[in-house]
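Have a look first, then we'll talk.

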Amino acid sequence: MKPILITGGTGFAGSHLVEMLLTSGVPAEQLHVTTLSDKPSYVTTLLPEENIHQLDLTDSEAVTKLFAELQPEQIYHLASFASPSKSLEQTAKAIETNVEIQLNVLEAMRQHTPQARMLSIGSASEYAGSSEPLSETSQLGPHDPYGVSKVAQDMLAYSYTVRYELDIVRVRPFNHIGERQELGFVVSDFAQQIVKIENDEQQELRVGNLDVTRDFSDVRDIVRGYMTLMEKGLTGEVYNLGSGRDLTIRKLLETMTQLAKIEVPIKIDDRKQRPGDIQRSVADISKISQLGWQPTIPLADTLGRILEWWRSELANQ
């Protein structure tokens, strides 16, 4: 069994990818994840302890050692500084971290596993704003430091594909949501507040700009897309991954409040406004659709699961 390595595999998308791979029949012993934290995580309950590698991916020696010892055949490279909002406050850290991580992983792959196949995870944040659906050839023009760092990661992956003939596929996922997503992302923030209002721990739901539109997908559909690209994606190519539909944050919130157990008062909070926010972001997914992938999970089902997860989380605190 050749190892499969998931960097950042204990994180939000990583934990769902581990679940999906296990469900597809991959043995737990074959899956290895990296984590920065030494704290137990959901993935701790899924994989053997020795398959969870705690290391800082900005440490080039540690990354090189891991690749030399593990010799992964497939690499899902998810690890990154992953918060657009926090990148506005920690600009240098966001850019430096993501560039260092990408370089270290690419160099370790080049030196020790040049025969491996990698999926490099970018972001819809790489694109400039557009009133039209965004295709893979749409103009890049990130509006925050996080997006800048993802463009850098994306281009580094491409350059290593061209220069060193490494087998790397790139993907730009749009907004994805589900259980275990940390706070700081709109759906998690809304869901936690709604459950606190249900529990009489908060009086009103505080929101920012409700008029922008975004393309939301269930994280389970997204990680299934990652697996599709690992299997069928063309080396050197980049693929969008999303629902292909957008909706306003207002409409998203309406759906969530309809799923709440009580009426939810809403208040606009100017502190939650993001300067320079892109008005519309929606994916053209025709390219990945040609590989046989399509989103399948209705948004209302996803939002219902998220609310139930937060109810359980807050009940157990």
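Predicted model: local features only at pLDDT ≥ 70, side-chain atom pairs only at ≥ 80, totals over all residues.

**Checking the labels**

Q: What makes Asp 167 count as partly exposed?
A: Its relative accessibility is 21%. Buried means under 20% relative accessible area and exposed means over 50%, with partly exposed in between (1.4 Å probe, protein chains only). So Asp 167, at 21%, lands in the partly exposed class.

Q: Why is the pairing of Arg 117 and Asp 167 called a salt bridge?
A: The term needs a side-chain nitrogen of Lys or Arg within 4 Å of a carboxyl oxygen of Asp or Glu. Here the N to O distance is 2.6 Å, so the pair qualifies. Arg 117 lies in strand β5 (residues 117-121) and Asp 167 in strand β6 (residues 167-173), so the bridge ties together parts 50 residues apart in sequence. Strands (E, at least two residues) and helices (H or I, at least four) are DSSP runs, numbered from the N terminus.

Q: Is Arg 117 buried or exposed?
A: Buried, because its relative accessibility is 14%.

Q: How do you know that Arg 180 and Glu 19 form a salt bridge?
A: Their closest N and O atoms are 3.2 Å apart, so they meet the cut-off too. Arg 180 sits in the loop between β7 (176-177) and α6 (186-198), and Glu 19 in helix α1 (residues 12-23), 161 residues apart. Glu 19 is partly exposed, at 25%.

Q: Which residues are linked with Arg 170 in a network of salt bridges?
A: Glu 126, Asp 154 and Arg 172. Arg 170 and Asp 154 have their closest N and O atoms 2.5 Å apart, and both residues are buried. In total the structure holds 18 salt bridges.

Q: What makes a group of residues a nonpolar core?
A: It's a set of buried Ala, Val, Leu, Ile, Met, Phe, Trp, Tyr and Cys residues joined through side-chain atoms within 4.5 Å. The largest one here has 37 residues, and Tyr 76, Leu 119 and Tyr 226 have the most contacts inside it. Helix α7 (219-232) gives the most to this core, with seven residues.

How values were computed: Residues numbered from 1 in each chain as written. Heavy atoms only, no water.
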